[in-house]
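Work through the exercises below with the structure open beside you. Try each task before reading its solution.

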There are 2 protein chains.
Amino acid sequence: MSELRYNLISGEWIIVATERAKRPKDFIKAKKEQQSLPEYKETCPFCPGNEIQTPVETFRLGDSRAWKVRSVYNKFGAVSNEDKKERHIHGLYNSMNGFGMHEVIIEHPRHNNCIALMSYEDVENILKVYKSRYLAIQEIKGIECIVIFKNHGPAAGTSLEHPHSQLIATPVVPPQVRGRLERAAGFFDFNGKCAFCTMLESELKEKTRIVLETDNFVAFMPYASFVPFTTWIFPRRHSPSFGEINNEEISDLAKNLKTTLSKLYYGLDNPDFNYSIRSIPVGEKGTDYSHWYLSVIPRLSQPAGFELGSGMFINTVLPEEAAKFLRDIK
Amino acid sequence: MSELRYNLISGEWIIVATERAKRPKDFIKAKKEQQSLPEYKETCPFCPGNEIQTPVETFRLGDSRAWKVRSVYNKFGAVSNEDKKERHIHGLYNSMNGFGMHEVIIEHPRHNNCIALMSYEDVENILKVYKSRYLAIQEIKGIECIVIFKNHGPAAGTSLEHPHSQLIATPVVPPQVRGRLERAAGFFDFNGKCAFCTMLESELKEKTRIVLETDNFVAFMPYASFVPFTTWIFPRRHSPSFGEINNEEISDLAKNLKTTLSKLYYGLDNPDFNYSIRSIPVGEKGTDYSHWYLSVIPRLSQPAGFELGSGMFINTVLPEEAAKFLRDIK
């Protein structure tokens, strides 16, 4: 028998199909070890020495010859700040120029590194650059929302091996963000408290879906996970905007994120995954009802026609089992 | 420069990134011809002679030894009518038993057939079975919505070669369906007419995104297509429920669907794709503001972290170019 579960944050029903149940270890695919890649690749535009191949550098930690993390314009930006924010409406057709920012954050000089294998300090450096770029870009007039994300491996939509993340700042509030805000506001209006803080409190009490607790962050699998091994990392402190993360939290998130990704790396043999930081639209950072978080989505299954036709996902592994599996990997 | 476009029906903004633009023919991948598969496979549960390997048969066109189309229970159903419709709410956790129906429609006896290669009559038979199952299942108490869909190829989420579609009837209105209805109702309340009829009228006037017109149906690419080559097939007649398709329309849809899928088959070398029929919740079939349609989604690109983190999609091909490409394939 299967079960339907409702996700309070996304507003989605998912089906946990235990008839097609898989054990967590069924998701392990034979995957090339990250370390078997070369440490340096002459043709890689992100490797040290090839800095000239990347467009405008927007930020750097470390000096130009021995940098730790760099952010640069995306060479094939989906949006650009050279464009104007202009809306065109004719009849049913509503469009805008592709105004925005699209940057690449080169996470580490070493070609074959990845967060699961880095030191805490390395990861802290990446998060510092995220914050710095977030704060700078939220001041640009016309930017509504900033999405920081990472694609690891081909099933996650990247073919570039060198460890990197991206940032896209959009001139509209993305509909997924708007939907989450509306549900969170509804929850707040009815209950008088933040839905995310309430969920975190409840998960800490239930314990079964917790992956990892650190001082300032909790990694857990949502009750209604839409794909196997979805992991959310929530700050314990109520805070709507990622831009407001403090230094202590950056250190602790580095620890939590690295450890969570290491559990995936060793437990599921370096699976392809995405993560994204889900923050508030830049103009709404003072709200009481929203809460930023980081969402890790391993790409172990392929959504099919039912998912595309209904928005409901069939998940073949119980979040409680997946969480236990990762929790037990030391 | 790129462009953002708003999809009136899905409520989503998409980015058409012409900086990363691909020509339609860049999407052609070397793909095994359907006909190179065997006509019959002894181990295939959907091949004639193996009927005993499928669960309960719910419908059949033709006699038991020389059937044309069969529908059967899905052996690993995501939901089941043996379960009760029961809601459980405790604290923040809202769940339901996995009540519903999950059937497989075996489209043709021949293992290596596919709609693009079938006769109009074969496709008509499949659509007749869709309608028959839709009408029967909408009478089951507790069913809220019926999703008919097809997965063709591994990137579309199937590993079964034998041509088949599926039907899942859900005990809740899926959130994507609810969202579409709300937007359509808002459009109707403001404009006094159906958003889908209005869009169709506008597309027929603009012409640039039309793929194929037949007597009762129009295949076109939505102005804000979220992935390359998304094609919508709209009935010309305003009709909220697929269950109300008439015989003349079934014949014409067979022609339109087969031709559209043939254009994809020959133009892009048998790409993996999904389609789904987007109909109204079963209790709302008399509304003036909704309109069923069939959505074909080729699986040529992989959504990445930005898409997962924002719900906004980056499409690398202009719908107008993709439509022209398919229109020109005879």
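**Exercise 1: A strand and its partners**

Strand β4 (residues 67-73) of chain A pairs with β7(A) in the antiparallel sense, over four bridges. The model is a predicted one.

Task: Find which residue of β7(A) stands opposite A:R70, and how many bridges join β7(A) to strand β9 (residues 164-170) of chain A.

Solution. 
- Step 1. Start at A:R70. Its opposite number in β7(A) is A:I106.
- Step 2. Turn to β9(A). Six bridges join β7(A) to β9(A), and the two strands run antiparallel.
- Step 3. Look at A:I106 again. In β9(A), A:H164 stands opposite A:I106.

**Exercise 2: Burial of that strand**

Task: Decide whether the faces of β7(A) are covered or open, and name the residues on each side.

Solution. 
- Step 1. Take the strand as a whole. β7 (residues 101-106) of chain A is mostly covered, with six of its six residues buried.
- Step 2. Apply the cut-off. A residue counts as buried if 20 or more other C-beta atoms lie within 10 Å of its own.

**Exercise 3: A sheet across two chains**

Task: Give the order of the five strands in the open sheet that includes β6(A) and β1(B). Then say which strands stand at the edges.

Solution. 
- Step 1. Find the link between the chains. Strand β6 (residues 93-97) of chain A and strand β1 (residues 3-7) of chain B pair antiparallel over three bridges. Here A:N97 stands opposite B:E3.
- Step 2. Continue within chain B. Strand β2 (residues 12-16) of chain B runs parallel to β15(B), joined by three bridges. B:I15 stands opposite B:I314 in this pair.
- Step 3. Write out the order. It is β5(A)-β6(A)-β1(B)-β2(B)-β15(B), with mixed pairing.

**Exercise 4: The contact between the chains**

Task: State how many residues of each chain take part in the contact between A and B. Then list the partners of A:L92 beyond its sequence neighbours.

Solution. 
- Step 1. Count both sides. 64 residues of chain A are in contact with 65 residues of chain B.
- Step 2. Sort the chain A side by class. It has 32 nonpolar, 24 polar and eight charged residues.
- Step 3. With 16 other C-beta atoms within 10 Å, A:L92 is partly exposed.
- Step 4. List its partners. Leaving aside neighbours within four places in sequence, A:L92 is in contact with B:L8, B:T198, B:M199 and B:S202.

**Exercise 5: Core and overall form**

Task: Name the residues with the most contacts inside the largest nonpolar core. Then give the radius of gyration of chain A.

Solution. 
- Step 1. Find the core. The largest one has 191 residues, and A:I15, A:I146, B:I15 and B:I146 have the most contacts inside it.
- Step 2. Inspect B:I146. Beyond four places in sequence, its contacts include B:Y134, B:L167 and B:V282.
- Step 3. Survey chain A. There are six helices and 15 strands. The radius of gyration is 20 Å, close to the 20 Å of the globule rule for 330 residues, so chain A is as compact as a globular protein of that length.

Conventions:
Residues are numbered from 1 along each chain as its sequence is written. Chains are lettered from A and ligands numbered from 1 in the order in which they are written. This is a predicted model: local features need pLDDT of at least 70, side-chain atom pairs count only at pLDDT 80 or more; totals for chains, interfaces and linings use all residues. Two residues are in contact if their C-beta atoms, placed from the backbone, lie within 7 Å. Ala, Val, Leu, Ile, Met, Phe, Trp, Tyr, Cys and Pro count as nonpolar, Asp, Glu, Lys and Arg as charged, and the others, Gly among them, as polar. Two strands pair if DSSP finds at least two bridges between them. A residue is buried if 20 or more other C-beta atoms lie within 10 Å of its own, exposed if 12 or fewer, and partly exposed in between; C-beta atoms are placed from the backbone. A nonpolar core is a set of buried Ala, Val, Leu, Ile, Met, Phe, Trp, Tyr and Cys residues joined through C-beta atoms within 7 Å. The radius of gyration is taken over C-alpha atoms; the globule rule is 2.2 Å times the number of residues to the power 0.38.
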